[in-house]
Amino acid sequence: MKVLIADKFDATGIDQIKAMGCEITQDADLKEAALTQALKDVQPAVLIVRSTKVQAEQLAATQTLKLVIRAGSGFNTIDIVNAKEKGIKVANCPGLNSTAVAELTMGLILALDRHIVDNVNDLRKGVWDKKKYGKARGLKGRTIGIIGMGQIGKLVARRALAFEMNLIYADVIPAAEFDSLENVKRVELDELMKQADIVSIHVPAMKETEGMVNAQRIGLMQPHAFFINTCRGTVVDEAALVAALRDGKIAAAACDVYANEPAATKDSFACEIKDLPNFYGTHHIGASTDQAQAAVGEEAVRIVKEFKEKGTVLHCVNE
Ligand SMILES: NC(=O)c1ccc[n+]([C@@H]2O[C@H](COP(=O)([O-])OP(=O)(O)OC[C@H]3O[C@@H](n4cnc5c(N)ncnc54)[C@H](O)[C@@H]3O)[C@@H](O)[C@H]2O)c1
C-alpha cells in the first residue's frame, strides 16, 4: 500500500508504517499544485497531512486515493464533502493535541494579564520600567467565558478553575461534569460576552460557527476584557476585533489563528491585527508540542494499520 505524507511527520511513525509493508513518500513542502502533482505521480492509497490543504483540485488528481488522514483534530482544511462524493474517507486524530492547545491558551491569558511580551521586549532593549509593567488585574476570582466546552474547552476550564477563576460557558451541548460545580454556569453566548473578564473560544470551524464572534457580540464585552482565539480564524470577524482593540472597547486580545494565515510553515504575513499594541499573536502553534505531535503520530499510524489490515477507518468524519 502506498502512503503519501505531505507534511512533517514523526520519524518513529514513518518507521512503523514502513514496518507494516507500506511504501512511503514524504515531502513536507507538498502544497497546492505540488501536492496535486505528487498525487498523480505517487498514486497513493493513503494521504497523511497536518496543515496542508486537500481541496477539490487535489482530490480530482487521484484515482487511487481511498483515505486522507488529518494528523490533528480540526479538518476544515480538507474538502470532506468532495472527498465523500469520490468515495474517499477522511479521518482525524481527535483529542490528542487538546492539552497542548489548552496550555497555549493559558499562556496567552497570563501573557496578556502581565504584559509579558512587552516586558521582555523592553528588558531586551535595556529599558527598566517597573512602573509601567507593575500593573495587572490578576486572574483569581475573575470570570473566564469559554465558548465551546469540547475537549479543548474542558481542559482550559480545568486549568482556569485551578487558577481559582469563575467559569461560565456557552455550548450547544451541556458539559454535564462541570454543571454541578459551584462556580460554573452554562449561559447563552450573548450573556457570556457581557459577563466574562476573559472570553476564550474553542469551537470547530464550520458554517454555523463562521463569524460567530461578530461586531455586535464584541460590542457586548467589557472594556477591561480579553479575547483569546486558539481555535480557527474564521470564527471571528477579525476586522471587528481590530476596531474594538483600536478603539479601546476591549482591553486586549491574543490569537494563535487568523482569517488569512499562510498555509506554508514559513512565509511573510501581512495582517492589521498583528501590529496593534494590545494584541499578542502566535504562529498557529497550538498543537505543536513534542508530546502532542508524538501522540497524533501514533494515532495516525493506528489508523493506517486498521485500514490496511481490516479496511476499517477509525475516526471517519465523512461517513
Ligand atoms: N490552535 C491549534 O493549533 C489548534 C489545535 C487543535 C484544535 N484546534 C481547533 O480547536 C477546535 C476545537 O477542538 P476540540 O477538540 O475542543 O473540538 P470538540 O469537537 O471536542 O469541541 C467543540 C465544542 O464546540 C461546541 N460547539 C459547536 N458549535 C457550537 C456553537 N455554535 N456554539 C457553541 N458551541 C458550539 C461543540 O458542542 C463542542 O462541545 C478544533 O475544531 C480546531 O479547529 C486548534
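This report describes the ligand site, a pocket, a cavity and an aromatic pair in a predicted model.

Residues are numbered from 1 along each chain as its sequence is written, and side-chain values use heavy atoms, with hydrogens and water left out. In this predicted model, local features need pLDDT of at least 70 and side-chain atom pairs count only at pLDDT 80 or more, while totals for chains, interfaces and linings use all residues.

**Ligand site**

| Residue | Protein atom | Ligand atom | Distance |
|---|---|---|---|
| Q151 | polar backbone atom | oxygen | 2.9 Å |
| I152 | polar backbone atom | oxygen | 2.9 Å |
| D171 | polar side-chain atom | oxygen | 2.6 Å |

On its own, the ligand has 860 Å² of accessible area, of which the protein covers 84% (Shrake-Rupley method, 1.4 Å probe).

**Pocket and cavity**

On a 1 Å grid over the protein atoms alone, a pocket is an open set of points with protein on both sides within 12 Å along at least five of seven lines, a cavity is a set where a 1.4 Å probe fits but cannot get out, and lining residues have an atom within 4 Å of a point. The second largest pocket has a volume of about 230 Å³. Its lining contains 15 residues, and L112, H115, F226, A251 and A252 are the closest to its centre. By class, this pocket lining has eight nonpolar, three polar and four charged residues.

The structure holds one cavity of 30 Å³ or more. The largest cavity has a volume of about 50 Å³, and its lining consists of D113, R137, G138, L139, R142, D197, I198, H224 and F226. Three of these lining residues are nonpolar, two polar and four charged.

**Aromatic pairs**

Two aromatic pairs (ring centres within 6.5 Å) are found in the whole structure. The rings of Y258 and F269 have centres 5.2 Å apart and planes at 65°, so this pair is edge-to-face (planes over 60 degrees apart).

Note on methods. A polar contact is a pair of N or O atoms within 3.5 Å; within protein, one must be able to donate a hydrogen and the other to accept it, and residues adjacent in sequence count only if both atoms are side-chain atoms. Grid points are joined across faces, edges and corners, and a volume is the space filled by probe spheres set on the points. Ala, Val, Leu, Ile, Met, Phe, Trp, Tyr, Cys and Pro count as nonpolar, Asp, Glu, Lys and Arg as charged, and the others, Gly among them, as polar. Rings of Phe, Tyr and Trp (its six-membered ring) pair if their centres lie within 6.5 Å; planes under 30 degrees apart count as stacked, over 60 as edge-to-face and the rest as tilted.
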